[in-house]
Amino acid sequence: MAAQKYFKARPTDVLVATIPKSGTTWMKALVFSTIHRGSGVDSRRALESCNPHECIPFLELQIYTNNRVPDLSKLPPPRLFSTHIPFHSLPASVVDSDCRVVYVCRNPKDNFVSLWHHKNRQATEANEEPWQLEKALDSFCKGFSFYGPYWDHVLGYWKAHLERPKNILFVKYEELLQDTVAQLKRLAEFLGCPFSEDEEKEGVIDGIVRLCAMDSLSNLEVNRSGTMDLGGWTVENSFLFRRGVVGDWLNHLTPEMADRLDEMTKEKFAGSGLMF
């Protein structure tokens with residue numbers, strides 16, 4: 001609510017929007033490195049000293065928290081922010097300002113499994129009972145999930161992307177993993193800073209892909225031992241990295257569970273043109 005009330009977006013702003021556990025950390029690193037290449041900001045040094053979530057902070061989890069209303073007006077363009085907020089709940093200025101929004105989502109089966117692991121790691125840290133898979137799936141299918149139902153969250157940004165493709169980029173995690181170079185070029189074009197032929201020949205694109213890869217980020221010292229604050233909750237940076245693979249759901253879901261998610265996805269996305 002504080003973000004809705006006080007955040008005033010500018011046309012030069014970039015907002016990384018995601019549904020939780022869909023590749024947020026990776027996309028933040030890619031956006032940060034792509035935008036700041038050739039500038040006075042050393043992306044490699046920044047990512048070696050700060051987690052990507054500190055490079056591109058969350059509106060609702062890091063900026064407008066603990067009754068803080070910071071003055072963001074003096075930040076130089078482009079200002080980079082992030083959010084998990086559903087599209088219909090974004091601050092009005094995000095839509096009105098025509099700023100750029102990069103949205104990332106993930107196959108619902110892998111997204112669910114990643115959320116389940118994340119929640120159970122939290123439970124372990126708090127000495128609580130683990131969340132049983134069957135109960136977790138039932139809650140997920142009923143829409144009891146971080147930032148609302150998965151299908152509503154994804155569809156909100158998908159429809160906005162179809163209506164305003166120049167302002168909202170829709171990225172599937174699976175496509176990003178399958179061909180990171182092609183998706184990075186698409187991202188740079190969208191952000192208004194396309195890679196030149198010389199940059200491509202000089203290996204700039206490959207360098208960003210390597211720097212921001214899961215293995216690279218997770219092995220940095222800052223992500224192995226560092227911590228950060230998320231809305232008053234101190235989080236170990238290593239907590240944000242697990243496997244980042246496609247198809248991990250096969251190791252956890254029964255065929256019946258997978259069918260339930262597939263049927264719900266087919267029903268919810270019917271007529272939208274969106275498929276997984």
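Student: Which residues gather in a patch of negative charge on the surface?

Tutor: This is a predicted model, where local features need pLDDT of at least 70 and side-chain atom pairs count only at pLDDT 80 or more, while totals for chains, interfaces and linings use all residues. Residues are numbered from 1 along each chain as its sequence is written, and side-chain values use heavy atoms, leaving out hydrogens and water. A patch takes residues with over 30% relative accessible area and no salt bridge, joining like charges within 9 Å and nonpolar side chains (Val, Leu, Ile, Met, Phe, Trp, Tyr) within 5 Å. The negative patch on the surface consists of E256, D259, E263 and E267.

Student: Is E263 buried or exposed?

Tutor: E263 sits in helix 16, residues 255–268. Helices are DSSP runs (H or I, at least four residues), strands likewise (E, at least two), numbered from the N terminus. Buried means under 20% relative accessible area, exposed over 50%, and partly exposed in between (1.4 Å probe, protein chains only). At 51% relative accessibility, E263 counts as exposed.

Student: How many salt bridges does a search of the whole structure find?

Tutor: Side chains of opposite charge can pair when their charged atoms come close. The criterion is a side-chain nitrogen of Lys or Arg within 4 Å of a carboxyl oxygen of Asp or Glu. Over the whole structure, the count of salt bridges is eight.

Student: How many residues apart are K109 and D262?

Tutor: Their side chains form a salt bridge, 2.7 Å from N to O. K109 is in helix 7 (residues 108–125) and D262 is in helix 16, so the pair links distant parts of the chain, at a separation of 153 residues.

Student: Which residues do salt bridges that share partners join into one network?

Tutor: D138 and R260 meet in a salt bridge, N to O 3.1 Å. They link distant parts of the chain, D138 in helix 8 and R260 in helix 16, 122 residues apart. Through shared partners, the network takes in D138, K142 and R260.

Student: What is the relative accessible area of R260?

Tutor: D138 is partly exposed, with a relative accessible area of 26%. R260 is partly exposed too, with a value of 34%.

Student: Where is R164, which pairs with D98?

Tutor: The side chains of D98 and R164 form a salt bridge, N to O 3.0 Å. The two are 66 residues apart, with D98 in the loop between helix 6 and strand 3, and R164 in the loop between helix 9 and strand 4 (168–172).

Student: Is R164 buried or exposed?

Tutor: D98 is partly exposed, with a relative accessible area of 43%. R164 has 18% relative accessibility, so it counts as buried.

Student: What is the phi of D98?

Tutor: D98 lies between helix 6 (92–96) and strand 3 (100–105), in the loop. D98 is not a glycine, yet its phi is positive, at about 65°.

Student: Where does Y147 lie?

Tutor: Y147, a residue other than glycine, also has a positive phi, near 65°. At 27% relative accessibility, it counts as partly exposed. Its place is the loop between helix 8 (133–141) and helix 9 (150–163).

Student: What is omega for the peptide bond from P77 to P78?

Tutor: P78 belongs to the loop between helix 5 (59–63) and strand 2. The bond from P77 to P78 is cis, with omega near -5°.

Student: Which residue in strand 2 is the bridge partner of V16?

Tutor: Two strands pair if DSSP finds at least two bridges between them. Strand 1 (residues 14–18) and strand 2 run parallel, joined by four bridges. Both faces of strand 2 (residues 80–83) are covered, with L80 and S82 buried on one side and F81 and T83 on the other. The partner of V16 is S82.

Student: Which residue in strand 4 stands opposite V102?

Tutor: Five of the six residues of strand 3 are buried, so the rest of the structure largely encloses it. Strand 3 pairs with strand 1 in the parallel sense over five bridges, including V14 with R100. Strand 3 also runs parallel to strand 4, joined by five bridges. Opposite V102 stands L169.

Conventions: Accessible areas come from the Shrake-Rupley method with a 1.4 Å probe; for residues, only the protein chains shown count as cover. Lys and Arg count as positive and Asp and Glu as negative; His and the chain ends are not counted. The place of a charge is taken as NZ of Lys, CZ of Arg, CG of Asp or CD of Glu.
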